[in-house]
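Please keep the model open as you read.

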Amino acid sequence: MSELGDGTRCVRAGLPEPAPGDPFLPGPVFAAPYHLDPFQGQGTSPNGYGRPDNPTRRLLEAAVGELEGGDCRVFATGQAAITGLLLTLLRPGDTVVLPSDGYFPVRAFATDVLEGIGVRVLFAPTAGPYPSFEGVRLVLVETPANPGLDVVDVAALAERAHAAGALLAVDNTTATPLGQRPLDLGADLVVASGTKALTGHSDLLLGYLASRSAELIGAVTTWRTTTGSVPGAFDAWLAHRSLATLDLRLARQSANAAAVADLLASRPDVTGLRWPGRPGDPAYAVASAQMRRMPGVLSFDLGSADRVGRFIEAARLVAAATSFGGLHTTADRREQWGDDTAPGFVRLSCGAEDTADLVADIAAALDAAGLVRGGS
């Protein structure tokens, strides 16, 4: 049989073998302790205690692992997954290269915690230039970067990192495993927030790591078991249920982003437009060659914080919210969270609304917001 399509894989990922009378996706298993054998203890059972063991969580890990092409471990949040990765792999005296234009809490964790335990931290922009990787233990990139949406050639970066003896981890949050599969491109690990487009319903927090290395997955599993950073059974079940519509949701979100990008590019009152799926974008050449589909997230500048507020207030279909990848279109002024962006910089996450409705609403909201006050 030829390789199954994205929609088919999403619908069937991680499901148990069908049996008469069983549901397609079993309901969540809520358990802290499980029954043990009085003589052998856990014995051959996969379940002994709820922190390391949960069948609902394992089904989700199988599903995400199928989509990413590796063995997966899920965490309570995306931040728990990425900090777990860093603290699993890095020791005092190690050097790590992190994105200077990626998710701000990761940079804060690096300076507040990693440097405090003796890890040398180097920062580089996603699109480069990168420092020498000689003596580096781990290179972490986020591509497309959040919130600036730059893209890096993962295969080329993996080759360079491996030549220097470094590991490469890719944050796949914005792209999702349907947008790109970093493990296929040579990355050693994938890390992501499942809170965003992967689950896409704005109702849970989740993170995950994936790898084809049994050694790396083993180390991550030990870290997660020791620290207890696991998602609850109901969140794991919600996430698995949501995966079935990932292909459908991403298709609409990407189409909406393309249409909104065309609108914004036509307006003289909008500057700094970025969307890697648009010809002419600085990331387009690499993104179009590397990615299987473009994200529903774009960014632009409205000139001032006040105009951003007026734009969102005037919109009927754009909500002010700090996450992205959900069913509802949201806008977020990133400077307020610590990102090194201009006051009027906006990250817009296109939802699953009808394209014509969304474009008309954004156009009307921009008109209502007017120009930057005090300027032309």
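The points below go through the model topic by topic.

1. A word on the basis. This is a predicted model, in which local features need pLDDT of at least 70 and side-chain atom pairs count only at pLDDT 80 or more, while totals for chains, interfaces and linings use all residues. Residues are numbered from 1 along each chain as its sequence is written, and side-chain values use heavy atoms, with hydrogens and water left out.

2. Helices (H or I, at least four residues) and strands (E, at least two) are DSSP runs, numbered from the N terminus.

3. Which residues does Leu-348 contact beyond its neighbours within four places in sequence? Among them are Val-260, Leu-298, Phe-300, Val-318 and Ile-362, where contact means heavy atoms within 4.5 Å.

4. Helix H10. Its buried residues are Arg-307, Val-308, Arg-310, Phe-311 and Ile-312. What covers these buried residues of H10 includes S9, strand S10 (319-320), S11, S12 and H11.

5. Salt bridges. The count comes to 22 salt bridges, each being a side-chain nitrogen of Lys or Arg within 4 Å of a carboxyl oxygen of Asp or Glu. One of them joins the side chains of Arg-292 and Asp-6, at 2.8 Å from N to O. This pair links distant parts of the chain, 286 residues apart: Arg-292 is in the loop between helix H9 (284-290) and strand S9 (297-301), and Asp-6 is in helix H1 (residues 6-12). Arg-292 is partly exposed, at 47% relative accessible area, whereas Asp-6 is buried, at 12%. Both belong to a network of salt bridges that links Asp-6, Arg-9, Asp-247, Arg-292 and Arg-293.

6. Two further bridges. Arg-252 and Asp-354 form a salt bridge whose closest N and O atoms are 3.6 Å apart. Arg-252 lies in helix H8 (residues 246-265) and Asp-354 in the loop between strand S12 (345-349) and helix H11 (355-369), so the pair ties together parts 102 residues apart in sequence. Arg-252 is partly exposed at 31%, and Asp-354 is partly exposed at 45%. Asp-332 pairs with Arg-347 in a salt bridge, with 3.1 Å between the closest N and O atoms. Here Asp-332 sits in strand S11 (residues 330-333) and Arg-347 in strand S12, 15 residues apart. Are Asp-332 and Arg-347 buried or exposed? Both are buried.

7. Two loop residues. Thr-143 is in the loop between strand S4 (138-142) and helix H5 (154-163) and is buried, with a relative accessible area of 0%. Its side chain reaches the backbone nitrogen of Val-152 at 3.1 Å. Ser-229 lies in the loop between helix H6 (214-227) and helix H7 (233-243) and is buried at 17%. Beyond residues up to four places away in sequence, Ser-229 touches Val-74, Phe-75, Ala-76, Ala-80 and Arg-224.

8. The largest pocket. Its volume is about 380 Å³, and 24 residues line it, of which Gln-79, Tyr-103, Pro-105, Ser-193 and Lys-196 lie nearest its centre. Helix H3 (78-89), helix H4 (104-114) and strand S6 (189-193) are the elements that give two or more residues to the lining. On a 1 Å grid over the protein atoms alone, a pocket is an open set of points with protein on both sides within 12 Å along at least five of seven lines, and lining residues have an atom within 4 Å of a point. Grid points are joined across faces, edges and corners, and a volume is the space filled by probe spheres set on the points.

Conventions:
Buried means under 20% relative accessible area, exposed over 50%, partly exposed in between (1.4 Å probe, protein chains only). A polar contact is a pair of N or O atoms within 3.5 Å; within protein, one must be able to donate a hydrogen and the other to accept it, and residues adjacent in sequence count only if both atoms are side-chain atoms. On a 1 Å grid over the protein atoms alone, a cavity is a set of points where a 1.4 Å probe fits but cannot get out, and a pocket is an open set with protein on both sides within 12 Å along at least five of seven lines; lining residues have an atom within 4 Å of a point.
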